[in-house]
Amino acid sequence: MNRKGAVLFAAILVAALALPQGILAADEEIQKKVDALSKEVQSLQKQVAQSKEGKKSISDWLTIGGDYRFRIDSLSGKVPNYYGFANIVGWQMGGMVGAPPLTQGETVKNDLLYTNRFGLNLKAKATQNVTFTTRLLMYKAFGNGDTAATSGTFFADRIGVFDGTEGHVPGDGKPVVDEAYATWSNILDQPIWFSVGRRPSTGGIPSHLRQNNEKPGNGGIPALLVDYAFDGIVLGVAPDFDALPGAFAKLCYGRGFENGFTSPSSSNKNLKDTDMLGVSVVPYDTDRLYLNLQYNRGMNIFDFPVFTSSTLGPLSPHTDLGDIDWFGVTALSTLKHVGPGTLNLFASTALSKTHPNANTVVFNGIDTGAGLMYTGQPESKTGEAIYVGGRYDFPSTRTKIGAEYNYGSKNWITFVPAGDDIWTSKLGTRGSVYEVYLIQEINVAPVSSYIAKTFFRFGFQYYDFDYTGTNSWVGAPVKIADLAASPMNAQLLTPMKSARDIYATFEVKF
């Protein structure tokens, strides 16, 4: 019986019950039928109510969202005079006759690069205190089904796409699983949580400001230290201290490379898994002040990640080069009613320290002599970096204006290959990067969720490189000005003196 039939039947039944009791009592058989039909009506009403409740409850346990971005980039960069590794090898094999060949500097550019990026987010409340979160991501250049349009021979994090950068660097356009993790909260009725899976370890504080995203929750990592799609585990606690509002701490573990099966005869018998350990303490988390203290350790850092294809050909780990320690402090503040709008300010600083072993990189059968941040003798190196900036928001016009600056020293090395920059992840730069941008949101009401928005973003980036090896831990950095001084400064990748990127986006977040 359908719903309309049930309602009609109920009306008839009510009318029947209104008859004088004497008439109903006169026919006991009719009374039994009425009772049976009454029970059927009640059952149907209960089913209808449950059906309504079921339809309403989907939004209570499942949240769907995502984003789309169309981006235009105009790119140009300057390559200085330098000695190329391939040319030096050829010169050596030729008996080192005459002067070694010097590669002449030039200007490289891509006048117009168009890209599409799409992300789909799902969050399900599976059981009490247990949720599952996933994010699917695709990213490609117009007119390309591979990485050819954006990969080059300039920077180690952009010679191709590998596990930690899939979906974050323009690739073949196939959707990949960027995040997939389960979280168990309120363990033993305490403010303790456990989470495992492919982590939300990209786009961390304070890079969310220029991306026009919401501030990441307690699952993120400061962008200056990690921007890499990790698979790992987190154990966290958020104690309730009146003097430390929003405070939490977590212990993180991730695997950056799995070596697989080994045997005494296998080629990878001396290769180890690459792992990451992190400790994050946030003693204060409010609008006026967010403070993060971070320590990470990368163990058994590989020489190359797995590239199925790259501008240097297929690559994979052949040896581990040692360990790296990182220490960082990040502060963020949102100050409301500063003039006609809101001022967001941030400062982040970090230190990296390498612990190399004696292993060196072998490329195309040639021992390069390059290890973890050294060429020649193993030596621990310490690098420093800063990242500062702010964004001013005009609520009345929905306009946001931002400016950022970051600097990395000679021996600075970080783990940010998934950073959202075309040339190279800017926070790994050995030198200075300047960026300004303007965000203009369209004044329309959100429909899909309260954070839904549509906006344009216009920006300019300028890279000023002081040393080679940005975003690479292989080999010793060389001062850009000294590249042409000696064949001993030969480079495997093409070095750059400076680079610029003028970009514009149209973005929809739902």
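How many cavities of 30 Å³ or more does the structure hold? There are three, where a cavity is a set of points on a 1 Å grid over the protein atoms alone at which a 1.4 Å probe fits but cannot get out; grid points are joined across faces, edges and corners, and a volume is the space filled by probe spheres set on the points. This is a predicted model, in which local features need pLDDT of at least 70 and side-chain atom pairs count only at pLDDT 80 or more, while totals for chains, interfaces and linings use all residues. Residues are numbered from 1 along each chain as its sequence is written, and side-chain values use heavy atoms, with hydrogens and water left out.

Begin by selecting R199, I221, F230, C252 and Y253, which lie nearest the centre of the largest cavity among its 18 lining residues, a lining residue being one with an atom within 4 Å of a point. This cavity contains about 180 Å³ of space. Next, colour β6 (231-237), β7 (248-257), β8 (274-285) and β9 (290-299), the elements that give two or more residues to this lining; strands are DSSP runs of E, at least two residues, numbered from the N terminus. With four residues, β7 gives the most. The lining of the largest cavity has 10 nonpolar, six polar and two charged residues, with Ala, Val, Leu, Ile, Met, Phe, Trp, Tyr, Cys and Pro counted as nonpolar, Asp, Glu, Lys and Arg as charged, and the others, Gly among them, as polar.

Then move to the second largest cavity, whose volume is about 60 Å³, and select I205, G217, G220, I221 and Y290, the closest to its centre of the 14 residues that line it. Here β7, β8 and β9 each supply at least two lining residues, and the lining divides into seven nonpolar, six polar and one charged.

Notes
1 Å grid on protein atoms, 1.4 Å probe; cavity = no way out; pocket = protein on both sides within 12 Å on 5 of 7 lines; lining within 4 Å.
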